[in-house]
Structure formats: structure tokens, C-alpha cells
Amino acid sequence: MAKDMGTSPDEVQFRFRDDERVDHATITVDACCDQTNATAVRIEPGDDARVLLPFLDRLALVEVNFPAFGDGRGYSSARILREAGYTGELRAVGAVLIDQLSHMRRCGFDSFAPDKRLDEEDAARAFATWENVYQRAADARRTIADKRHEA
Amino acid sequence: MYRYDQYDQAMVDARVAEFRDQARRRLEGKLTEDQFKPLRLMNGLYLQLHAYMLRVAIPYGTLDSRQMEMLADIADKYDRGYGHFTTRQNIQYNWIKLEGTADALADLATVEMHAIQTSGNCIRNISADHFAGASADEVVDPRPYAELMRQWSSFHPEFTYLPRKFKIAVIASANDRAAMRLHDIGVRIVSRNGEVGAEIYAGGGMGRTPMIAPLIRDFVPIDQMITYAEACLRVYNRYGRRDNKYKARIKILVHELGAAEYTRQVEEEFAHLLSVGVEPPREELARIAEYFAPPAFVDGPKTVDRSDPDFALWVDRNTHRHKHDAYVSAVISLKPAGGIPGDATSDQMRLVAKLAREYSFDELRVMHTQNLLLPHVRIADLHALWTALDEAGLGSPNMDTIEDIIACPGLDYCSLANARSIPLAQRISERFAQSGRTEVVGELKLKISGCINACGHHHAGHIGILGVDKKGTENYQLSLGGSEAEDVSLAKITGPGFDEDGVIAAVEKVTDVYLAARSDGERFLDTYRRIGMEPFKEALYG
Ligand code: HEM
Ligand code: SF4
């Protein structure tokens, strides 16, 4: 069953990394805790991302599944992993739509495998929506307040 | 007042462009209505019974004359010449067309306004004490803190798909004029040994399961307030219920976990986020606060000539004590007897804008009671102000009386309604105004919702009326004893409901009971609390 999970790399439509793509299937969070050699895992909305923190060193790919675009738990999962220092690939999969891209990017996602391929032009525009940002998040962008007060 | 710099302006402009693009993709069929819905909602566009409704944000209820004039222009250009001020200090237009929305938003952006996050499952427009910056009883002006939160919550990448909508109110006084504890998060700015910080309440709300927010933190240092709010939201985003939309508000999470356990989780997340460093730089609050520096008040007369009894009554009812003794805050009632609570025509908006320029340092407020307010009026100017208001039908001396009714749109506009709210409010205010009973009864807050969603705050009314559906006919449930103020409480249902005529008669009966039982200086609410529900029940059903 674990074998069937996850996206295969050719379904990844946008990727903001230069390293090799991880091409083996992901396993569940539960399985990941038992399997000491797993390098790819998939988080469902109800999973606690913090369970993975002890294993971050060995993970090269974390997929965060969005079964429905309106379920925003995956945004928190992503940030939590980045805040804990995870530097591997963080892939949003499932109901990933144009208008979620910029927020996902800010939460630390660096690859995107939407269920339905997105219009490239619309997506490019969406990634570039915010020239500036108000909040600190996982992308380390300098915020508007930071810029206002730089020496 | 706060002014956008190039960054704030660029954010709002980017949002207009984004919405224009979304509307285009919807029209081209690239977005389904299902996919478009949360996007239009995040831009304040609702589908109602007859048309789209556009809700425009008025952050912490503060605006200037130029902005009010734009609201009037929008009413004329895109709607039917009027707008509706709401309990969350926003304005709604009821007759908007999808095609015109992006243009309306672009017009708003020219005066630093927008409809961002006025609906949808995100952090909504931040509301605040309408007397902020003016009231004699405040610790500090709460608006700089609300503005800091506005920026933090705008386009927050993690909190745009919360389990449900999220409402925050900020006050800075022991007196609560913003229904703070009926919000998802309530913030009270306090001073402790000279240090400013925030008291945090979480898990309040109305709707079908009304709850009063418990205090979860008695003091967050002010330079950690955003971090604390972020922790509150993260715990909610991760663990708030998503299986049932009626149980998805934070109040249910706080209730199910218990305030202590929710607080424990928040504190843990807070400690973690402090180490991550998400707080804006300290200088940002100082930068914002400069915009809210008090205007240059000048000394002047402290009393008015009371020889005109109508004027004297208006002064007694509709003005509020100011920090500076030569000034007051003056309430502009949008509750003429028999009128629609909260509605203003474009001409009235323009007049109010002009009066703000002449008499109130160009500042205006929207109150959560669906009235407008001039925060800083010289006592010497009060008579001239009142004369101008009275001529325009805006001089009703009825703040906090039974005519000052909060009512939701109800069955006249809303697709979720069971019953009409507006005509009921009209009939009640007319009845009390005509019989001269309004003044006899004094302070009595009556609030009407057309269904269990409680947009009209009926749970928090001294008298609350809720429209229910009884075998296909409109029926009204009466409740007593609620309050949204510092003495917050939830109203209790009296018993079986009434038809429209019946509920109006019932309101009169409960005021009879009050008048017969009240002792010196007691408000309706005080008498109810002292004598309890029984005498009222007896009169209604006995
Ligand atoms: C006609 C369009 C409207 C619709 C469809 C609508 C819908 C709703 C719904 C579904 C809720 C319940 C949310 C929940 O409990 O989770 C709600 C609550 C609320 N709405 Fe509305 N509403 C409308 C208009 C208004 C207006 C005009 C106001 C202000 C006058 C308003 C203010 C509120 C407030 C204060 C609450 C309840 C308090 C709380 O958040 O717990 N709404 N609305
Ligand atoms: S309380 Fe009900 S009827 Fe009134 S506006 Fe809200 S959803 Fe509509």
C-alpha cells in the first residue's frame, strides 16, 4: 500500500530547487517513525508534523497533501518543518490551485505537484503576486516593516 | 490617522490586480464557482438573495472625510445610492454586480481602502473601541496596536484557510465598547507598572453556540503581542475542527479542550515562535503610533446653553466624555425612528464627511452599534453641529436607547434568514418613539438577528430577538439579560416564540415589568439581573 502513495517526480509542475529529484514513493508519517531508512514521507492534514522532527536529517522529501484546497493545516505543517531546520524538498500535492501558490511558497514549499496541471502563465503571475510581504514566514524574505526600519 | 506609505499602497494595488485576474479567470471558466467562492469572499464579495453584496473594510472603524466621500461615490456609482454600516465597523453594499467589482475595488484603493479579508475563513477586519483616541477612560489609544495587527493579518500566508472566519477586537479601556469578549480573540491593551502589554482573551463568539471568551494570558509584553497572536492562530489552524462547519470556530476548540489546555498549547507554541522570531521590529509600532498622535486640541467652553430642550436632550444622549474637557465625542445616529438601522444615503455620507472636516479634525468613526461618530468635537461647536445633523435627519437623540437597535439584514437581503429583522426594528423604534417611552425607559440595548447565525448580536442584547422558522412562518424568540460590554453576559430565552405583532407586544410588556420594578438609577439590565427571569415570564405567558 505504501508503494502506491505519493507523486512521481514527473507530476511535479513547479520546482524551486537545483538538487536531484527524489524519485521513490513516500510513506505515511506513522510508517516513517518505524522505518529507520525512509527518506521520503507524506503528511496528511491530520498528521502532526512535529512527529517528524527527530528524523529530519534523513528526509530528502516531504510531501504535504491537500485533499481539499480549503483545508489549511498543511500550511502550518510546512512552516513547522522549516522552522525546525528542514532543508529538503517540501512538496505541495493535491488540490493545489493558482491562488494558493504564493502563500504556499511563503510557508516553505519549494515544489508543487497539483492534481490538475495549472496554466503556466497564470501560475507565473501568481508566484509574483506580492512584491513585498507584511509577515515573517518560512521564506526568509525581509518584511515591509524590516525595510521601513533598515538603517 | 494612519496613512499608507508606498508599501501599504502597493499591497492593496496588488490585491486589486489579483482580484481582477481572478474575476477574469472565473469568467473564462478557468475557475469553478466552488474555487472562485473563497477568493471572492476574501475580497468581501458575497452572494445574497437578490444580488452580490460587497463588504468594504474600515479598519478599527476609523476613516476621514475623503474616504467617506468615496464610500458615497461607490454607493452612487455601483449601488443604489446607499450603504449599510455593520456591527463590525464595516460598510456593505447590497446591490453590486460582479463585473463592476474590480473597478469599485480600484476606486477604493485610491483612498487607501479595500475589501480585503472582510469575509472568508481568514482573519477579518480588526475592530476596536470606537472612542479610541478620544475617550477619557482609555489607557492608550488602541488603534496603533490594531494597525500592527492589521498588517500582520493581511495576506497571512499560513492563516488564509482557517477552519472558519476569525474576528479580532482591540480595546484599551476597562469599559468595553467593542464586544471584545465575543470575538475569536479579544485584546485589551493594559499598563502594568508603566509597561504596556496585552491581555488576551480567546474563544468568544456568537452564532449558534454563543460563548464568552476566557482570559488566557493576563499580560503579554507589547513587543511580543504579534508572536502571541500567531501562536493562538497556529494552534487553532492545526486543531480547530474541520469536520463540521458549525463546530469550526475557535470557541468550540477552546471549549472542547478546555481553556487551560488550549492555553498550554498556545504557550508552548509561543515559546517556540519567540525563538523563531516573527515579531515585527519594535520601531514599527512607534512608527505607526506617530500617525495617531492626538490633534492639537485648544481650550474652550466646557458647557452648552441648554435653553433648547431638544438640543439638550441630544447632548445628554449622544455625546461622550472626551480626554480634553473642551471637547466631546458626538454620536451621529443612523437609527431614525422607523428607519433601517445602519443605512445611510450617499447624501448623508457626504454631509457627515463635511461635518467631520468642519468640526472633528477630519476624523470619523463607524461604531459597532451601526452608528457614526465624530470623535473630537469642540463643546462650543455642538449646537451648530446638532443643527446641521437635525436638518439632515441625523439628529435622533437615541444612543443606547431602545430605538438604537442593532439588526442584521434578515430576510430582506440574506439567503440564510428565517425571518425579517429590518421591518421589526422599524416598527419597534417607531412605536417607542411615538409613545414617548424611549426616554422613560432609558438605556436598553435591543438586538435582532434573522437567524441563528446571530449577525445582529441578539445573544448580547439586554433584549434579544431571534427569527426562527416555525412551520414555514416567521416566528420570533425573545431573550433577556445579554450584554456585550464589560459586564458581558449571554441573554436567556424567555419561552415560546411570538409572531411579529406578538413579539412587539412582548417587548412592551417586558419594559412594563421593568418600569414597575426598577429602583433608582437602574437600567433595564440591572433590574433584570436583580429580579431574575420569573416576573418577566409571568407577564409574558402567565
Ligand atoms: C447578508 C449576508 C450575511 C451572511 C450570509 C452572513 C452569514 C453569517 C454566518 C453564517 C455567521 C455565523 C458564523 C459562525 O457562527 O461560524 C455570521 C455571523 C456573524 N455575522 Fe454575518 N452574515 C451576513 C451579514 C452580516 C452583517 C450585515 C453583519 C453586521 C451587521 C454581520 C455580522 C456578523 C456577526 C457580528 C456575526 C456573529 C458573531 C460571531 O462571529 O460569532 N453579518 N454571519
Ligand atoms: S443573522 Fe442570519 S439572517 Fe441575519 S444576516 Fe446573519 S445569516 Fe442572515
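Predicted model: local features only at pLDDT ≥ 70, side-chain atom pairs only at ≥ 80, totals over all residues.

In which loop is Cys455(B) found? Cys455(B) sits in chain B, in the loop between strand S17 (446-449) and strand S18 (463-470); strands here are DSSP E runs of at least two residues, helices are H or I runs of at least four, and both are numbered from the N terminus.

Residues are numbered from 1 along each chain as its sequence is written, chains are lettered from A and ligands numbered from 1 in the order in which they are written, and side-chain values use heavy atoms, with hydrogens and water left out.

I turn to ligand 1. Its iron atom has a single donor from the protein, the SG atom of Cys455(B), at 2.2 Å; donors are N, O and S atoms within 2.8 Å of the metal (3.2 Å for Na, K and Ca), and water is not among the atoms, so sites may look incomplete. Ligand 1 is surrounded by 22 residues, the closest being Gln48(B), Lys165(B), Met206(B), Arg249(B) and Cys455(B), where a residue counts if one of its heavy atoms lies within 4 Å. A polar side-chain atom of Lys167(B) is 3.0 Å from an oxygen atom of ligand 1, and a polar backbone atom of Met206(B) is 2.6 Å from an oxygen atom of the ligand.

Cys455(B) also belongs to the surroundings of ligand 2, which include Cys408(B), Cys414(B) and Cys451(B). By class, that shell has eight nonpolar, three polar and no charged residues; Ala, Val, Leu, Ile, Met, Phe, Trp, Tyr, Cys and Pro count as nonpolar, Asp, Glu, Lys and Arg as charged, and the others, Gly among them, as polar.

Finally, the interface. Chain A contributes 37 residues and chain B 49 residues to the contact, defined by heavy atoms within 4.5 Å. In chain A, Trp130(A), Tyr134(A) and Arg148(A) lose the most area to chain B, together 19% of what that side buries; buried area is the accessible area (1.4 Å probe) lost by two parts on being put together, summed over both. The two chains share 14 salt bridges, each a side-chain nitrogen of Lys or Arg within 4 Å of a carboxyl oxygen of Asp or Glu. One of them joins Arg148(A) to Asp5(B), with the closest N and O atoms 2.6 Å apart.

Key. Polar contact = N/O pair within 3.5 Å; in protein donor to acceptor, adjacent residues only side chain to side chain.
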